[in-house]
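Me: I would like to go through a structure with you, one site at a time. Shall we begin?

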Amino acid sequence: MVLQHDRPTLSTRIDAVTGGRRLRRLRQHDWSRRLVRETELSPADLIWPIFVREGAGADEAVPSMPGVARRSVARAVEAAREARDLGIPVVALFPFTTRDRRDDRGSEALNENNLVCRASRAIKDAVPEVGILCDVALDPYTSHGHDGVMRGGRIDNDESVEILCRQALVQARSGCDIIGPSDMMDGRVAMIRETLDAEGLRDTMIMSYAAKYASAFYGPFRDAVGSNDLLKGDKRTYQMDFGNAEEAVREAAQDIAEGADMIMVKPGMVYLDIVARLAAEFGMPTFAYQTSGEYAMIEAAAGNGWLDGERAMMESLAAFKRAGAAGILSYFAPRAAAALRRG
Ligand SMILES: NCc1[nH]cc(CCC(=O)O)c1CC(=O)O
Ligand SMILES: [Mg+2]
């Protein structure tokens, strides 16, 4: 390339290498950028995870998740109303369980009057237009913080599945619309489907956490549900190894064959390759969970003034859509939906 350009010559040469296709042309105006935007986020893409706690009164802040709180059942109902008004289709319920309600088998999971069941009934009653998703896993209820039952120092798959089926049934009967098995036991989707069908609950949907990785990005969530101090060891014998992608395809294939209506990848931001891959490979409604740690990361940086939180929020959520996700579970849901409605 010559150093001193004669403009017309340079322009001709650039036209020659680009074929005259100047890709910046479409980026000139807000209107033209909007016109050609390939994917768009909408409030209907969002699922709002809500933490519920016993008792009445004011929300309890979760320190590691600025802007997120544990709500009483009445306040959870208010959140569902807010979701409806914002156009958010689904809320996901997670219980904060104190030590005294936990045991080594997670018995509280099967109590039809447990917090999640009471919150489901209250929301169904007051705001029937909003869908309810409930996690199926024992970690909010076990004294050791694991998602299943321990047997000789390991999590017993089949014994756990049996309890998880009963947990799913109790939740579905309380008004939960979508069962979200997040436990990663083998065969649980089929067994849960069978259990629900046998009880006449054919319409209850299953969104399986198909590819759920053993991740550092769940830390703040475990604070929020009270499991962090209790968890013994880690979850690597049932949650996936972060080095694996082929295995995610096998996991998703199994869950789909077993009857999952929708699949999910978790965490989300650091596993966008998996989201894109599963969405393309199976063409099933594929969801991503922007987890507590991913949320906290953005909030912490924004809180320090290190990045523009509002923009980082929208950009991170849009990335899931671009990767092919049908929707996103995100603690940003109400804020993002409000921003999208403002336009
Ligand atoms: N099975 C429990 C469960 N369901 C959702 C999350 C994490 C959600 C988040 O980090 O936002 C976890 C934590 C875990 O597996 O330890
Ligand atoms: Mg599996």
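**Annotated sites, ligand shell and a helix pair**

Me: Where is Lys266 found?
Reply: Lys266 is found in strand 10, residues 262-266; helices (H or I, at least four residues) and strands (E, at least two) are DSSP runs numbered from the N terminus. This is a predicted model, in which local features need pLDDT of at least 70, side-chain atom pairs count only at pLDDT 80 or more, and totals for chains, interfaces and linings use all residues. Residues are numbered from 1 along each chain as its sequence is written, and chains are lettered from A and ligands numbered from 1 in the order in which they are written.

Me: Is Lys266 buried or exposed?
Reply: Lys266 is buried, because 26 other C-beta atoms lie within 10 Å. The cut-offs are 20 or more such atoms within 10 Å for buried, 12 or fewer for exposed, and partly exposed in between, with C-beta atoms placed from the backbone.

Me: What does Lys266 touch?
Reply: Not counting residues up to four places away in sequence, Lys266 touches Tyr209, Lys212, Tyr213, Tyr289 and Thr291. Contact requires C-beta atoms, placed from the backbone, within 7 Å.

Me: Which residues does the UniProt annotation "active site" cover?
Reply: In the unreviewed UniProt entry, that annotation covers Lys212 and Lys266. They are spread over 55 residues of sequence but cluster in space, the largest C-alpha distance being 4.8 Å. UniProt annotations may be inferred rather than shown by experiment.

Me: And where is Lys212 found?
Reply: Lys212 is found in strand 9, residues 205-212. Lys212 counts as buried because it has 27 C-beta neighbours inside 10 Å.

Me: Changing topic, what surrounds ligand 1?
Reply: The residues around ligand 1 include Asp135, Asp139, Asp147, Arg222 and Lys235; the criterion is a C-beta atom, placed from the backbone, within 6 Å of the molecule. Helix 7 (219-225) and helix 10 (292-303) are the elements that give two or more residues to this shell.

Me: How many residues of each class are in that shell?
Reply: The shell around ligand 1 has 3 nonpolar, 4 polar and 5 charged residues. Ala, Val, Leu, Ile, Met, Phe, Trp, Tyr, Cys and Pro count as nonpolar, Asp, Glu, Lys and Arg as charged, and the others, Gly among them, as polar.

Me: Last one: which residues of helix 11 and helix 12 meet?
Reply: Glu310, Met313, Met314 and Leu317 in helix 11 meet Arg335, Ala336 and Ala339 in helix 12. The residues of this contact comprise 5 nonpolar, no polar and 2 charged.

Note on methods:
Two residues are in contact if their C-beta atoms, placed from the backbone, lie within 7 Å.
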